[in-house]
Amino acid sequence: MVDLSALMCISSLLFSDQPFQESLRSVCAFAAQICSAQLAFVHLLDSDGELVSVACHTPDSAPRDSWERMSRMYGRRSLQKGDAVSSPSLLLGAGKRRGARAGMGGICSFPMVGKARGVGSLSIGFLASHRFTAQETDMLNAISSQLSTAVERNWLQGHPSPQLERANDLRESVNQMGPTLEPRRLMDSWYGQSCHLLPAATA
């Protein structure tokens, strides 16, 4: 059963006057709170169809980089499947994934699909094992739908997230420099460009 009051809170966060990225961070925190999870990630598709992390909610004790990689992988799978993709634990049994570390338990990713195409994914994680209930899945599916609508509205207004802009700029720069630079100079240039991307991605 979907909690309508919770969805109203999500809507108020997404359509508030604060910067859109701050709204996404607030939604991450609220979505995690709803199902007593510890982590939440929102990834959006860039112009090349790659998922870029634009907002997250993580405790200091969590292996954030590992969680970001796993949530991106599960988010991609959810978009391909067109439905939620989950594992009760990233460390145990059939759900074990390469690169998973202690503090990586249950995960569920939900596709964010707009009117014409996929726009990203919402991923929820637990530090310990967790099987997502039907009620949690229904609620998080509803939140991912709200996110999809808000993201499309934001794009139509011409305000893509800073991470998407920087990721696209980085990829375009490397593509342009690749044919003309020798490997060492190409790596130096790529590093210089990526330094501008990383601070925003980890803010």
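User: How close do the axes of α2 and helix α4 (residues 134–156) come, and at what angle do they cross?
Analyst: The two axes come within 11 Å and cross at roughly 175 degrees. That makes α2 roughly antiparallel to α4. Axes here are lines fitted to C-alpha atoms, for helices over the stretch in contact, and angles run from 0 to 180 degrees between N-to-C directions. Angles under 35 degrees count as roughly parallel, over 145 as roughly antiparallel, 65 to 115 as roughly perpendicular and the rest as oblique.

User: What kind of model is this, and how are residues numbered?
Analyst: It is a predicted model, in which local features need pLDDT of at least 70, side-chain atom pairs count only at pLDDT 80 or more, and totals for chains, interfaces and linings use all residues. Residues are numbered from 1 along each chain as its sequence is written, and side-chain values use heavy atoms, with hydrogens and water left out.

User: Back to the helix pair. Which residues of α2 and α4 meet?
Analyst: From α2, Phe20, Leu24, Val27, Ala31 and Ile34. They meet Met139, Leu140, Ile143, Leu147, Ala150, Val151 and Asn154 in α4. Contact means heavy atoms within 4.5 Å.

User: What does Leu7 touch?
Analyst: Leaving out neighbours within four places in sequence, Leu7 contacts Val2, Met139, Ala142, Ile143 and Gln146. Leu7 and Ala142 are 135 residues apart along the chain, yet their C-alpha atoms are separated by 7.7 Å.

User: Overall picture, please. How many helices and strands are there?
Analyst: The protein chain has six helices and five strands. In sequence order the pattern is α-α-β-β-α-β-β-β-α-α-α. Helices (H or I, at least four residues) and strands (E, at least two) are DSSP runs, numbered from the N terminus.

User: How much of the chain is buried?
Analyst: Buried residues make up 44% of the 203 residues. The chain exposes about 10,700 Å², and carbon and sulfur atoms supply 52% of that. Those areas come from the Shrake-Rupley method with a 1.4 Å probe; for residues, only the protein chains shown count as cover. Of the contacts between residues at least 6 apart in sequence, 61% join residues at least 24 apart.

User: Now the strands. Which way do β1 and β2 run?
Analyst: β1 and β2 run antiparallel, joined by six bridges. Two strands pair if DSSP finds at least two bridges between them. Leu44 has Val52 in β2 as its bridge partner. The two strands form a hairpin with five residues between them, and Gly49 in the turn has a positive phi of about 80 degrees.

User: What about β5?
Analyst: β5 is joined to β1 by six bridges, running antiparallel, and pairs with β4 in the antiparallel sense over seven bridges. Ser121 in β5 stands opposite His43 and is also the bridge partner of Pro111. β4 and β5 form a hairpin with four residues between them.

User: How many residues of β2 and β5 are buried?
Analyst: In β2, six of the seven residues are buried, so the strand is largely enclosed by the rest of the structure. In β5, seven of the eight are buried.

User: Which residues of α3 are buried?
Analyst: Ser66, Trp67, Glu68, Met70, Ser71, Tyr74, Gly75 and Ser78. Their cover includes β1 (39–45), β2 (51–57), β3 (85–87), β4 (107–113) and β5 (118–125).

User: What comes after α3?
Analyst: Gly82, with a positive phi near 75 degrees.

User: Which residue other than glycine has a positive phi?
Analyst: Ser36 is one, with phi near 55 degrees. Most residues other than glycine have a negative phi. Ser36 lies in the loop between α2 and β1 and, at 53% relative accessibility, counts as exposed.

Notes:
Buried means under 20% relative accessible area, exposed over 50%, partly exposed in between (1.4 Å probe, protein chains only).
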